[in-house]
Amino acid sequence: MKDSLVTIFGGGGFLGRQVAQALMARGARVRIAQRDLASAVKVKPLGALGQTQFVAADIRKPATVERAIVGSDIVINLVGILSGDFEAFHHQGAAHVAQAAAAANVRALVHVSAIGADADSPSAYGRSKAAGEAAVRAAFPGATIIRPSIIFGPEDQFLNRFAGIIGAAPVIPVIGGATRFQPVYVGDVADAIVNAAEQPDLHGGKIYEVAGPQVMTMKEINTWIAKTIGRDKPVVDVPGGVASLLAMLPGGPITRDQLAMLGRDNVAAPGALGLDALGVAPTPMGAVADKWMVRYRKHGRFAGRVRA
């Protein structure tokens, strides 16, 4: 990995910054390929002088992808969206990256998809992720595909989002309370991606479902968050009909597609290759989340400690 040039599409995002930092710790040179370069500036101080490059690229535009990959040894695609044109980003964009990586004869390609990628998924998100995986494998058969569960970490839009709602609302409203998740720590996902990129002979052509050590329902996750931040409030299950109405509201708390996704569990499949196969020990939420969740307590860092 030392001195290798690794191009990360979406490297300025929540997961991307962790991946970039892990790569630079191993001596790699990192090129961040991002639509909005202003969002990638946080990466620069994470490495040594001259260890980072930045290039404007939009995976929907093949010419920009090809330019970003020139001279690369390894390519990592982290681009994903939660709403919008899934087909353009998750399918066509993924194909553009894989095709350009193959044409450039790079040593390794790691494509990050998601648990729930399924051509028969009830959600457009899940179907587009499956289509993207198929396109990647067709263009670059030796690619490693990483499917994470819901990712948590200091800057996530998962634990932090729910903690903000719990702190502000008189009750804890839960949609899809029985749906099961297997939250995975962002640092573990980053290490898994870098390990896969570093050893394409071992991990290339395989699919890994990376998930944390705990399977929890949506209700259990919200209850855990409330306890962690010291907010003892009643948990209220939002009826399906009400959730459907909320999903129809512009700018509502949930989209129709996200509601459809909640119809299926988001856990690793039995027997699937996971973090252990990539040499990573999974981190429980309780071992690390308190470091940043403390700010949601009533008196922030000055509050008494709460046992999670």
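How many aromatic pairs does a search of the whole structure find? The search finds 3 aromatic pairs, where rings of Phe, Tyr and Trp (its six-membered ring) are paired if their centres lie within 6.5 Å, and where planes under 30 degrees apart count as stacked, over 60 as edge-to-face and the rest as tilted. One of these pairs is formed by F152 and Y185, which are tilted, at 5.6 Å centre to centre and with 40° between the planes. Because F152 belongs to strand β7 (residues 151-152) and Y185 to strand β10 (residues 184-185), this pair ties together parts that are 33 residues apart in sequence; helices (H or I, at least four residues) and strands (E, at least two) are DSSP runs, numbered from the N terminus. Both F152 and Y185 are buried, a word that stands for under 20% relative accessible area, with exposed meaning over 50% and partly exposed in between (1.4 Å probe, protein chains only). F158 and F162 form an edge-to-face pair, with 5.7 Å centre to centre and 70° between the planes. F158 is buried, with a relative accessible area of 7%, and F162 is likewise buried, at 18%.

The model is a predicted one, in which local features need pLDDT of at least 70 and side-chain atom pairs count only at pLDDT 80 or more, while totals for chains, interfaces and linings use all residues. Residues are numbered from 1 along each chain as its sequence is written, and side-chain values use heavy atoms, with hydrogens and water left out.

Not counting residues up to four places away in sequence, L159 touches F152, I221, W224, I225, M285, A289, W292 and M293, contact being taken as heavy atoms within 4.5 Å.

In helix α8 (residues 218-228), the buried residues are M218, I221, N222, W224, I225, A226 and T228. These buried residues pack against α5 (159-168), β8 (172-174), β9 (180-181), β12 (216-217), α11 (285-288) and α12. Just after α8, G230 takes a positive phi of about 70°. K298 itself lies in the segment after α12 (290-293) and, at 65% relative accessibility, counts as exposed. Between K298 and G167 there are 131 residues of separation in sequence and 7.9 Å in space, C-alpha to C-alpha.

The count of cavities of 30 Å³ or more comes to 1, a cavity being a set of points, on a 1 Å grid over the protein atoms alone, where a 1.4 Å probe fits but cannot get out, with lining residues having an atom within 4 Å of a point. About 40 Å³ of space lies in the largest cavity, whose lining consists of I59, N77, V79, F89, H90, A94, H111, V112 and K129. The elements giving two or more residues to this lining are α3 (86-103) and β5 (108-112), and α3 contributes the largest share, 3 residues.

Terms used
1 Å grid on protein atoms, 1.4 Å probe; cavity = no way out; pocket = protein on both sides within 12 Å on 5 of 7 lines; lining within 4 Å. Points joined across faces, edges and corners; volume = space filled by probe spheres on them.
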